[in-house]
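Welcome, and thank you for taking a look at this one with me. Please open the view below and keep it beside you as you read.

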Amino acid sequence: MKRTGLVIVLVIVALVAINAIGAYNKMVALEQAIDGAWAQVNTQLQRRYDLIPNLVNTVKGYAAHEQEAIEAVTNARAAMMGAKTPAEQQQAAANLESALGRLFVVVENYPELKADKVFTGLMDELAGTENRIAQHRMLFNDEVRTYNTYIARFPNVIWAKLFGHNARAYFEIPQEAQLAPEVNF
């Protein structure tokens, strides 16, 4: 009887250990997927970052007196470069999107600029980059959702707490960045 009880206890311990190992490995794999998705977002943010000086210089040539909008983009780009954590990068990206929106409002007042081949080429590249950012942001958020759901389920929630795995933040655009820019002349 003692032997049967010991076997049952050992089987239960083995099952719990196997479950814990499996849950840990799955959490690690899901975190790696999130990090990989973030790397793709970051690559596209860098691409946007690299396009902006050319865009700003093109606009400067036509609209030199629109210094405020140009400086806002330049400052937002600098903040983007200084951002270290994903949260800082997300905030900097939102600020950059807002500044670019204000710059595009300024551009609307310069038909000759909108017709410039260099400017239109840069705008096409930027539009493509913005689409890729949106796609990769969506993929990143899907990976975060999958991970957060996994670690919130029972018994994974126990293992997540035990192994120090916490919920990850989504890449969301702040409310103020979602508003259409207003430029007054």
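The points below walk through the model, from its overall make-up to single residues.

1. Let us begin with what kind of model this is. It is a predicted model, and the protein has an average pLDDT of 80. A score of at least 70 is reached by 85% of the residues.

2. Now the overall make-up. How many helices and how many strands does the protein hold? There are 6 helices and 0 strands, and from the N terminus on the elements run α-α-α-α-α-α. Of the 185 residues, 35% count as buried. As for contacts between residues at least 6 apart in sequence, 78% of them join residues at least 24 apart.

3. Helix H1 covers residues 2-62, and helix H5 covers residues 117-152. Asp-142, in helix H5, is 108 residues from Ile-34 along the sequence, with 8.7 Å between their C-alpha atoms. Gly-36, in helix H1, is 103 residues from Leu-139, and their C-alpha atoms are separated by 10.0 Å. Asn-54, also placed in helix H1, is 64 residues from Val-118, at a C-alpha to C-alpha distance of 9.0 Å.

4. Asp-142 counts as partly exposed because its relative accessibility is 35%. Gly-36, at 33%, is partly exposed, and Asn-54 is partly exposed at 41%.

5. Is Thr-129 buried or exposed? Its relative accessibility is 0%, so Thr-129 counts as buried. This residue lies in helix H5. Setting aside residues up to four places away in sequence, Thr-129 touches Gln-44, Arg-47, Arg-48 and Leu-51.

6. Next, the end of helix H5 and what follows. Pro-155 lies in the loop between H5 and H6, and a cis peptide bond joins Phe-154 to Pro-155, with omega at about 5 degrees. Helix H6 then takes in residues 156-163.

7. How do H5 and H6 meet? Two packed helices are described by the angle between their axes and by the distance between those axes. Here the axes of H5 and H6 come within 6 Å and cross at roughly 100 degrees. That angle makes H5 roughly perpendicular to H6. On the H5 side, Tyr-150, Ile-151 and Ala-152 take part, meeting Asn-156, Val-157 and Ala-160 in H6.

8. Asn-156 deserves a point of its own. It is found in helix H6 and has a relative accessibility of 10%, which is why Asn-156 counts as buried. Which residues does Asn-156 contact, leaving aside its neighbours within four places in sequence? They are Ala-23, Met-27, Tyr-150 and Ile-151.

9. Turning to the aromatic residues, the structure holds 4 aromatic pairs. In one of them, the ring centres of Tyr-24 and Phe-163 are 5.0 Å apart and the ring planes stand at 75 degrees, so this pair is edge-to-face. The pair links distant parts of the chain: Tyr-24 belongs to helix H1 and Phe-163 to helix H6, 139 residues apart. Tyr-24 has a relative accessible area of 35% and is therefore partly exposed; Phe-163, with 34%, is partly exposed. Ring pairs also bring in Trp-159, forming a cluster of Tyr-24, Trp-159 and Phe-163.

10. Which ring does the charged end of Arg-137 sit over? That ring belongs to Phe-171, and the charged end of Arg-137 is 4.5 Å from the ring centre.

Note on methods: Residues numbered from 1 in each chain as written. Predicted model: local features only at pLDDT ≥ 70, side-chain atom pairs only at ≥ 80, totals over all residues. Heavy atoms only, no water. Helix = DSSP H or I, 4+ residues; strand = E, 2+ residues; numbered from the N terminus. Buried < 20%, exposed > 50% of the residue type's maximum accessible area, 1.4 Å probe, protein only. Contact = heavy atoms within 4.5 Å. Phe/Tyr/Trp six-rings, centres within 6.5 Å; stacked < 30°, edge-to-face > 60°. Lys NZ or Arg CZ within 6 Å of the ring centre and 35° of its normal. pLDDT = per-residue confidence, 0-100. Axes fitted to C-alpha atoms, helices over the stretch in contact; angles between N-to-C directions. Parallel < 35°, antiparallel > 145°, perpendicular 65-115°, else oblique.
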